[in-house]
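Let's take a walk through this structure together, one piece at a time. Have a look at the sequence and the fold before reading on.

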Amino acid sequence: MTAIPDSRDPSAGRLFAAGNGVLVCRYPVTTDLPIPLGITAPAGLRLLTWAFTGFGGAEPDPAGLLVLHDAQAVLAEGGALTLETHFRDVAIACPRPRPVAELTHPERGALGGAVLAAVTPETLDALATLFTLLAPAVADAPVPANAPRLTLARDGDGDGAATLSGASVPNYLLFRARTTWSCARVAQATLRFGPAPEASLTLAPAWGTPRGAPVEAALLLGAGTVTAAALPVGGRR
């Protein structure tokens, strides 16, 4: 769908710099909630994922959150960008970026799931810049009683191996061991069907350097999904 040009003055946004060319843009949204589709200007700016925040609270402050990859540092000192949506183009003017650590807890919670669900081989390097800031908001939530059970092991060659209950196979696994985060790619999976289906996974390092501490939380990253895994007592990595 071709967006309708927006003739209004630019919305006042804010930029937060995460490093490695990654920016988060916060901008006001209207009640029609135009869905972000991409960035049409300036050149060199890519939309990786997005989320809405600020709805339903005691003092609502509706806003959109865009995760951008600024490959050419076109917004290093701030500036204007044009967001394409399913309804109209939205012009957003931003001052110089602030540190990404200034994102509020609700904003981190809104972005956490969106960032993790957007991980692909093409976006991993950029989105991993935000893992340590945003993943805790997802990983610290209570693990559902029906969560898939993940048992981790090591083989003699140093590659990771795991067993996962259920018939769904994630693309990546994100681990927290104490304060250290790391990410592994599912390099191979063998499914066993039946009354209690499970998958045997071969894992390859994708991001981060595990320090050998026990894994305390694990998130399963699929195509557009994030699922917390249940770890058995004594599960290791």
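This is a predicted model: local features need pLDDT of at least 70, side-chain atom pairs count only at pLDDT 80 or more; totals for chains, interfaces and linings use all residues.

Let's begin with a sheet. Five strands make it up, in the order β5-β6-β3-β2-β9, and the sheet is open with mixed pairing. The edges belong to β5 (45-53) and β9 (98-99); each of them has a single partner strand, so one side of each is left without a neighbour in the sheet. What holds such strands together? Strands of a sheet pair through backbone hydrogen bonds, either parallel or antiparallel.

Zoom in on the β9 end. Strand β2, residues 14-19, runs parallel to β9, and two bridges join them. If you want to find the spot, look for A17, whose bridge partner in β9 is P99.

Now for the helix. Helix α1 covers residues 105-117 and lies across β3 (22-28), β5 and β6 (63-70). Relative to β5, α1 runs at about 125°.

Strand β12 (residues 172-177) and strand β13 (residues 180-192) run antiparallel, joined by six bridges. Here R176 stands opposite W181 in β13. Two residues sit between these strands, and in this hairpin R178 takes a positive phi near 60°.

β13 has another antiparallel partner: strand β14, residues 198-207, pairs with β13 over nine bridges. A pair to look for is A184, which stands opposite P205 in β14. This hairpin has five residues between its strands, and G194 takes a positive phi near 140° there.

Methods: Residues are numbered from 1 along each chain as its sequence is written. Side-chain values use heavy atoms; hydrogens and water are left out. Two strands pair if DSSP finds at least two bridges between them. Helices (H or I, at least four residues) and strands (E, at least two) are DSSP runs, numbered from the N terminus. Contact means heavy atoms within 4.5 Å. Axes are lines fitted to C-alpha atoms, for helices over the stretch in contact, and angles run from 0 to 180 degrees between N-to-C directions.
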